[in-house]
Amino acid sequence: MELDALQKEIRRSCPARVWSQGVRLAREDAVSGESASADEVVLRVRAPGRAVAPTVVLYPVDLEWECDCPNSEDTCAHVCAAVIALVQARKQGHELPGADNAGSKVRYRFLRSEGSLALTRVIVASDGREHPIAHTLVATMDDPPGGAPISPEQSDLNVDRLLGARAAGRIPSDRLENLLIALAGHGEIFLDDEPVTVTEEVLVPHAVLDDSPSGVRFTLTADPRVDEVVAPGVARCGRELCRLGELELCGTRLERLPAVRELGRRELADFFERELPALEARIPVERRTSRAPKVDRSARPDMVIDVSYDGHSLAVLPLLFYVDERGQRIARVDGERLVAVGAKDLLPARDQAAEKRLRHRLRDELNLVPGQRVVFEGRDAAGFQQRLRAWGGTLEGDVARERFWDVAPLEPRLSVRGELVDIYFAAPGAGAEAGHAEGRAGAAEVLHAWRRGDGLVALTGGGWAPVPAVWLEAHGQLVADLLAARTPDGRVPAFAQPDLAQLCDQLDHPRPPGLDRLTPLFEGFSGLPEVVLPTDLDATLRPYQHIGVRWLSFLDSAGLGAILADDMGLGKTLQTLCVLTGRTLIVSPTSVIHNWASEIARFRPRLRVLLYHGSRRGLDSLEHSDVVLTTYALLRLDLDALAAIRWDAVVLDEAQAIKNPHSQVARAAYRLEAGFRVALSGTPVENRLEELWSLMHFANRGLLGGRKDFQERYAEPVARGDAGATARLRARIGPFLLRRRKRDVAPELPPRTEAVLYCELEERERAQYDAVRAAARQDVLDRLAQGGNVLAALEALLRLRQAACHTGLLPSVDAESSSKVALLVDALRLVADEDGKALVFSQWTGLLDLIEPHLRTAEIDFVRLDGSTRDRAGVVATFQREAGPPVMLISLKAGGTGLNLTAADHVFLCDPWWNPAAEDQAADRAHRIGQDRPVMVYRLVAKDTVEERILELQQRKRALADTALGEAERAAALTRDDLMALLA
């Protein structure tokens, strides 16, 4: 009767179409019974298009029903089919319908395997036979074993997705937990042939708190229901498989249990306040102890700042305490922990809101954090001390000691004891020499505070005093120069003695004897003494060369070094040879070492020369030699042997070779021992002022201070256009760097004219150039984005520059000629027709290779000089002859130094470079003493290419060199913006 009533209620509650669908499913034997009781009946209904048969539960007594399908209707076709089939089955005397139509089921067999679990899935047919699942369940359903359909549960499909193509085998630990979650409640699971169920419950360890002699004992044990651990994180409890939780406490195999921890009385406050509540939220905890701390609910938080002085430092440590009604401290807040500091069995009730307010006030008013010690120096310390006075909270420690000296600014003092010089600053009224313990500051510390803009400086005995800013504005740079030059043992080098004399005058201190002997250097060389020229000198000196020789001789006699930076062709070699006495080492590029030997034989024939070069080089005949000639490469390789000799003089020719102070050759040059050091270079500054520092560090170590000091006091301010720094740098190096220009000292030289020859790229060349330009720009952007420096990114422009000259220089591009080469050949034809001679320079020997065939076609005779040329002298002599060829092709590297090519009256620079010094050196091969015709210098530039922008950059590079050498008012360094402008 109840079942009939249920059927009528279901029929009444659903639309006719839904009831019709249910009738059809029932007729198709789609319904199979799962279980039945007096109160409920569970049935499965196979539905078209559904891998999992929906489950229908009927409640005949209550006239209720439910289905787990996603149908939005209250009464679905599955419910209709289920009740129809159940009524028919009962009329036929069966408890449940479709026992023979129930599809095959999925069964899971777990086996213990190497400390974990292995799984096999099988299909169980209606006759009880098992068929292994070879691949995936979904694939097996398409071709079921025995032909009987498979009736999977949703959990079976979830497991299938989880395992993927893994049909059987050991289950990885990272999948085992999710597998058990999916199988919870499944009815077909076996463990080693024993039926088991997987529960959703997660077992966690249990904890007990007991009294112990030292305080409280905390014991952590496993859940008592656990019989064994069958896999990491999985336990067997009777016939159930359960997952283990809180593995960080118990371990994946409960290997950390039992765990016992003894809690001392000092730990109880933090444990019961912070740790225990967190544990109780995770695991069951049984409290048996009688020693749980008492809670003082009247306690309040209080911020205490501990103040201490250590010399000139002020240290503060804020701490957050809880205090009781009497102000006694109960506990300290350490991060999130509570540490008992009073009665061990008393715990304050945390007031998180009040703690937060105190932390915020400490942050807002003093910028401090509880528990973090902060140390203040100088002005910061004094300023913070004033802020502490306004702090309304609790202070303790050295609060009563005020270490800020509210006195007049410090006064400069000078102590000279023989060759030892000490500069310091003392409080007014302190002793004339050392001052008292708490009234003195070192000059370096005072200068450092002044440069940072600090108003105070730390005193050696502790505390602070005002910086004498007014005095330092007038004389601080003088003190800085003297400190930078002073040796570590306190001695002042000869080049810094004028600084010492000036400081003595400023401080009314008597000058030490001998400080005036360098006066001629600082008065425009007007008082330089005359010199006696070597008796074996076979040359007539020009007036400016006489001055150079007197200057070099004066520096030699004073124990000082020199940088002779005259223009190319003004006779730096001859002037240097005039002052050589004693044993001299001359280091030069390999290309000019034999030129030095020739010049010595020509001008100083009595000097005995040892050529330290080649595979058989040696110093056996050193005692019988006046001059040793070697190269930069051998200086680096044979440094130990050359540095072991105390030379009377060391000369570096083309000294820009040591412009990088980090290079091995520069460090090797610094190690050479000599009484007189000379650096010869027409280009002492090419790219940045650090190059000048390197040359001066060789000639007069300490004159410009250390590299960092030089960058801060000179290089960076000069780059910003600081006129004061520029003037100071010029004045500093002026006595020790002599630079004359041809236009000033050799008026007899014919004029030199410079011009630019522009060419238009052909259509083919323009297309290839634009393609290379786009790729180069992206390459540069990528390099800069990855942190590359500017010089590294410049390398990416190589192909772009080559494309502007000749596309045949590009990889995999075949091109016989270019617009620039055609322009060059036309110009050279005119030079030859007018009986002139021309030098053709390029950085790339590949471009010279491409020019040669066109010269032959035009029947223009030529010679060539590059790094592979063995008989350099022969090639030069051939060109210099009046009847010699009208053209010389020269690589910029091979021909940039050491050549006299005055037969040429035209110079062609094929590929402009952003460092103009290299081009100037090339042009100076022709425009030098001995030239009697005007010289034309042409730069070949392709229009609308990177070469036009390089010309603009050259002007800025010249400004950098001119700034250091006193011929310009400002300088510009190469920046990333400059680099990107080249690609615009």
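Of the 984 residues of the chain, 51% count as buried, where buried means under 20% relative accessible area, exposed over 50% and partly exposed in between, with a 1.4 Å probe and protein chains only. The model is a predicted one, in which local features need pLDDT of at least 70 and side-chain atom pairs count only at pLDDT 80 or more, while totals for chains, interfaces and linings use all residues. Residues are numbered from 1 along each chain as its sequence is written, and side-chain values use heavy atoms, with hydrogens and water left out.

Confidence is given here as pLDDT, the predictor's own score for each residue, from 0 to 100. The chain has a mean pLDDT of 83, and 87% of its residues reach 70 or more. Residues 401–406 have a pLDDT below 50, and the model gives this stretch 24 contacts beyond near neighbours in sequence; a contact means heavy atoms within 4.5 Å. For residues 432–437 the pLDDT likewise stays under 50, with 14 contacts beyond four places in sequence.

The secondary structure amounts to 33 helices and 43 strands; these are DSSP runs numbered from the N terminus, helices being H or I with at least four residues and strands E with at least two. Among contacts in the chain with a separation of 6 or more, 64% come from residues 24 or more positions apart. The accessible surface is about 45400 Å², and carbon and sulfur atoms hold 48% of this area; the areas come from the Shrake-Rupley method with a 1.4 Å probe, and for residues only the protein chains shown count as cover.

Turning to the sheets, strands are taken as paired if DSSP finds at least two bridges between them. A hairpin is formed by S3 and S4, with 4 residues between the two strands. Strand S3 (residues 55–59) and strand S4 (residues 64–67) run antiparallel and are joined by 4 bridges, with Val57 standing opposite Glu66 in S4. Leu63, in the loop between S3 and S4, has a phi near 55°, a positive value in a residue other than glycine. Leu63 counts as partly exposed because its relative accessibility is 34%.

S16 pairs with strand S12 (residues 215–221) in the antiparallel sense over 6 bridges, and Val260 in S16 is the bridge partner of Thr219. The loop between helix H7 (247–250) and S16 holds Pro258, which is joined to Leu257 by a cis peptide bond with omega of about -5°.

Another open sheet has 3 strands in the order S26-S27-S28, with antiparallel pairing. Its edge strands, S26 (411–417) and S28 (440–442), each pair on one side only, and the twist averages 35° from one strand to the next. S26 is linked to strand S27 (residues 420–426) through 7 bridges, and Pro412 stands opposite Phe425 in S27. Helix H11 (residues 443–452) lies across S27 and S28, at about 80° to S28.

Inside the chain, a nonpolar core is a set of buried Ala, Val, Leu, Ile, Met, Phe, Trp, Tyr and Cys residues joined through side-chain atoms within 4.5 Å. The largest such core has 108 residues, of which Leu410, Trp647, Leu652, Ile658 and Phe698 touch the most other members. Helix H12 (residues 469–485) gives the most to this core, with 7 residues. Beyond four places in sequence, the contacts of Ile658 include Tyr632, Leu652, Val665, Tyr670 and Phe698. Another core, of 47 residues, lies apart from it, with Ala235, Leu268, Tyr322 and Leu456 among its members.

Some individual residues complete the picture. Glu654, in the loop between strand S35 (646–652) and helix H19 (664–671), has a positive phi of about 50° although it is not a glycine, and Glu654 is buried at a relative accessible area of 9%. Ser116 belongs to strand S6 (residues 116–124) and counts as buried because its relative accessibility is 5%.

Technical notes: Axes fitted to C-alpha atoms, helices over the stretch in contact; angles between N-to-C directions.
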